[in-house]
Amino acid sequence: MKTISSLLNEDWYNRYKRISKLNIRSSIYDVNNRCNLRCKGCFFFSSDEDKVADEERDLTRWEAFIDKEKARGVNLAILIGGEPSLSLDRVDAFYQRIPTFCATNGLIKVPRDRFPDLMVGISLWGTEEDEIQLRGRDTFAISSKNYAGDAYTYYLYTITPRQIGKTEGIVRKIRDIGVKVHMQLLSNDEDVDGFSWQPEELIDIRAEMDDMLDRYPDTVISSKYYHKIITTGKMLGRPFGWNECPSVTESFDNRDPQPKRLIHFVRWASDLTTTHRCCTSETRDCRTCKDGAAHMSWVMVNKRAHMRSAEDFQNWIEVYEMFAKLYRFIPW
Ligand code: SF4
Ligand code: SF4
């Protein structure tokens, strides 16, 4: 295998040094089992993950649990739900203890006087029409007012096949309110007609995502290698799926041989005892999984495999930087 210094010039080496010290250890937490929306294709509700555990309502138990998570080595708590903004005391318990990221639909503003630098990712599923069709309302109309100009917020734009040709309009309206955007692809867990990806659509959307990154580099947080990985489902010739997925909860991981994986990763249900199989839907077929975080983590845990050429290793650095920016381990 080649050495890192033989693969990189000084600029790339400095970029590598900046991320090589981060040692990110993330886990995911269902803050509650409730939401103020019911989106078609929501992985949480479509797989009945809201029914597998009763919410822990005693805040002191949350605090003790988070202290144990910190002692276990977690240095990035990713809060999902349900909708975390419906349980701000629990969000606060994390925020006081561990670097915390809060995924939200943006309808309720996380108050900045209480959470001045909490990292927030707002879900967005497309144009007004698509949002109304899939989520029942135009969430951007509200979330954009709540978070315009917010330096600790980005939109997590879930692209559906219907978005081909429309992504620029979305990126521009996010740019115009002074917020960043990251893109991922819908997995269509509820088989909504017309929202499953066809091979030619994945080719088209990859080109469009690349174009958005080229034309809006100050707004789009992404990398072309990430676009390639999520649209082809392949990395270095290997197909994504259960045998390769890095985001499997440790206690569910009976794979032999063990692939490279996120160290001590767990996705906890809101009773603080039950765990879910992975970072996304319990019932999703891994062969159709397009989960963006799982794909970027897949690249990140396979560092050595990318050390076969300068281009491969630079791709690895770019994906790692993208992840580190999204969770504010390094500046945008
Ligand atoms: S806002 Fe998020 S958690 Fe709520 S229903 Fe939609 S996808 Fe699910
Ligand atoms: S559904 Fe996706 S994230 Fe979950 S185990 Fe399968 S490949 Fe991994």
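This is a predicted model: local features need pLDDT of at least 70, side-chain atom pairs count only at pLDDT 80 or more; totals for chains, interfaces and linings use all residues.

Author: Residues are numbered from 1 along each chain as its sequence is written, while chains are lettered from A and ligands numbered from 1 in the order in which they are written.

Reader: What makes S85 buried rather than exposed?

Author: S85 has 25 other C-beta atoms within 10 Å. A residue is buried at 20 or more such neighbours, exposed at 12 or fewer and partly exposed in between, with C-beta atoms placed from the backbone. So S85 counts as buried.

Reader: Where is S85, and which residues does S85 touch?

Author: S85 is in the loop between β2 (76–80) and α5 (88–95). Those labels are DSSP runs numbered from the N terminus, with helices (H or I) of at least four residues and strands (E) of at least two. Leaving out residues up to four places away in sequence, S85 touches T104, I108 and V110; contact takes C-beta atoms, placed from the backbone, within 7 Å.

Reader: Why is α11 called mostly covered?

Author: Helix α11 spans residues 292–301, and eight of its ten residues are buried. Those are G292, A294, H295, M296, S297, W298, V299 and M300. They pack against β6 (180–185), α10 (224–232), β7 (234–235) and α12 (310–326).

Reader: What makes α11 and α12 oblique?

Author: Their angle is about 130°, with the axes 9 Å apart. Axes are lines fitted to C-alpha atoms, for helices over the stretch in contact, and angles run from 0 to 180 degrees between N-to-C directions. Under 35 degrees is roughly parallel, over 145 roughly antiparallel, 65 to 115 roughly perpendicular, and the rest oblique. So α11 and α12 land in the oblique class.

Reader: Which residues make that α11 and α12 meeting?

Author: M296, V299 and M300 in α11 meet W316, V319, Y320, M322 and F323 in α12. By class, that contact has eight nonpolar, no polar and no charged residues. The classes: Ala, Val, Leu, Ile, Met, Phe, Trp, Tyr, Cys and Pro are nonpolar, Asp, Glu, Lys and Arg charged, and the others, Gly among them, polar.

Reader: How do you know that α9 and α10 are roughly antiparallel?

Author: Helix α9 (residues 199–215) packs with α10 at about 165°, with axes 10 Å apart. That angle sits over the cut-off, so the pair counts as roughly antiparallel. The contact takes L202, I205, R206, M209, D210 and L213 from α9 and K224, H227, K228 and T231 from α10. Its residues split into four nonpolar, two polar and four charged.

Reader: What about α10 and α11?

Author: They pack at about 115°, axes 10 Å apart. Y226, I229 and I230 in α10 meet G292, H295, M296 and V299 in α11, giving five nonpolar, two polar and no charged residues.

Reader: Which residues come nearest to ligand 1, and which to ligand 2?

Author: A residue is near a molecule if its C-beta atom, placed from the backbone, lies within 6 Å of it. Of the 13 residues around ligand 1, C35, L37, C39, C42 and N105 come nearest, and the shell has six nonpolar, four polar and three charged residues. Around ligand 2 there are 13 residues, with C245, C278, C286, C289 and A294 the closest. That shell has eight nonpolar, three polar and two charged residues.

Note on methods:
Two residues are in contact if their C-beta atoms, placed from the backbone, lie within 7 Å.
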